[in-house]
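Please keep the sequence and the model in view while reading.

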Amino acid sequence: MKKAIKLYLREGTTFDILFEDGITKRYDILTLADKFPQLNALKDRNLFLQGHLLGWGGVIWNDELDIDSETVYEDGITVNNDDNVISVLTGYKLKELRRNAGLTQADLSRSCGVPQSDISKIENGLFNPSISLLQKIANGINKKVIIDFR
């Protein structure tokens with residue numbers, strides 16, 4: 001199963017999920033309303049806007065309203081995402097590597113000399129780092145930066 005890494009709430013009851021493979025899927029939650037009538041509650045825009053990723057496994061609004069990411073990946077429509085997908089994917093990968101190394105952002109900051117606030121911005125896809133900055137961070141977790149064009 002592909003990991004969901006970013007949720008974009010769109011108009012109406014439609015949302016996009018960016019997956020770890022770089023594919024973005026668009027899904028209208030009301031396509032399931034015939035089978036699960038409780039989903040009609042998401043027509044309330046304020047409630048809909050409370051949706052968030054539950055780990056990487058799906059979107060949740062409350063204890064009764066959710067959808068798993070596998071359904072979205074399989075049944076959603078593939079779309080081009082206008083948001084900076086490369087920054088989000090880079091941040092996701094950095095966070096995953098840092099956590100696997102057992103480091104906090106503060107630990108990584110100390111080991112590579114990059115401010116913790118910059119590491120946080122990168123991990124959250126809010127900052128597009130240079131290759132030299134990525135190399136500096138990679139050195140702090142004993143990794144190499146490899147650029148791959150496909």
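The model is predicted. Its mean pLDDT is 91, and 97% of the residues reach 70 or more.

The C-alpha atoms occupy a box of roughly 55 × 35 × 25 Å along the principal axes. Of the 150 residues, 38% count as buried. The chain exposes about 9,100 Å², of which carbon and sulfur atoms supply 49%. Where contacts link residues at least 6 apart in sequence, 51% of them join residues at least 24 apart.

The chain contains six helices and seven strands. Read from the N terminus, the order of elements is β-β-β-α-β-β-β-α-β-α-α-α-α.

On one side, β2 pairs with strand β1 (residues 4-9) in the antiparallel sense over five bridges, and Leu7 stands opposite Ile17 of β2. These two strands form a hairpin with four residues between them, and Gly12 in the turn has a positive phi of about 60°. Strand β2 also pairs with β3 (residues 24-28), again antiparallel and over five bridges; here Asp16 stands opposite Arg26 in β3. This second pair, too, is a hairpin with four residues between the strands, and Gly22 in its turn has a positive phi of about 90°.

Is β2 mostly covered or mostly open? Six of its six residues are buried, so that the strand is mostly covered. In a regular strand the side chains alternate between the two faces of the sheet. In β2, Thr14, Asp16 and Leu18 point one way and Phe15, Ile17 and Phe19 the other way, and all are buried.

A further group of strands makes an open sheet of three, in the order β4-β5-β6, with antiparallel pairing. Strands β4 (52-53) and β6 (66-68) stand at the edges with a single partner strand each, and therefore one side of each has no neighbour in the sheet. Three bridges join β5 (residues 58-60) to β6, and the bridge partner of Gly58 in β6 is Asp68.

Technical notes. Residues numbered from 1 in each chain as written. Predicted model: local features only at pLDDT ≥ 70, side-chain atom pairs only at ≥ 80, totals over all residues. Heavy atoms only, no water. Buried < 20%, exposed > 50% of the residue type's maximum accessible area, 1.4 Å probe, protein only. Contact = heavy atoms within 4.5 Å. Areas by Shrake-Rupley, 256 points an atom, 1.4 Å probe, with all protein chains shown as cover. pLDDT = per-residue confidence, 0-100. Pairing = 2+ DSSP bridges.
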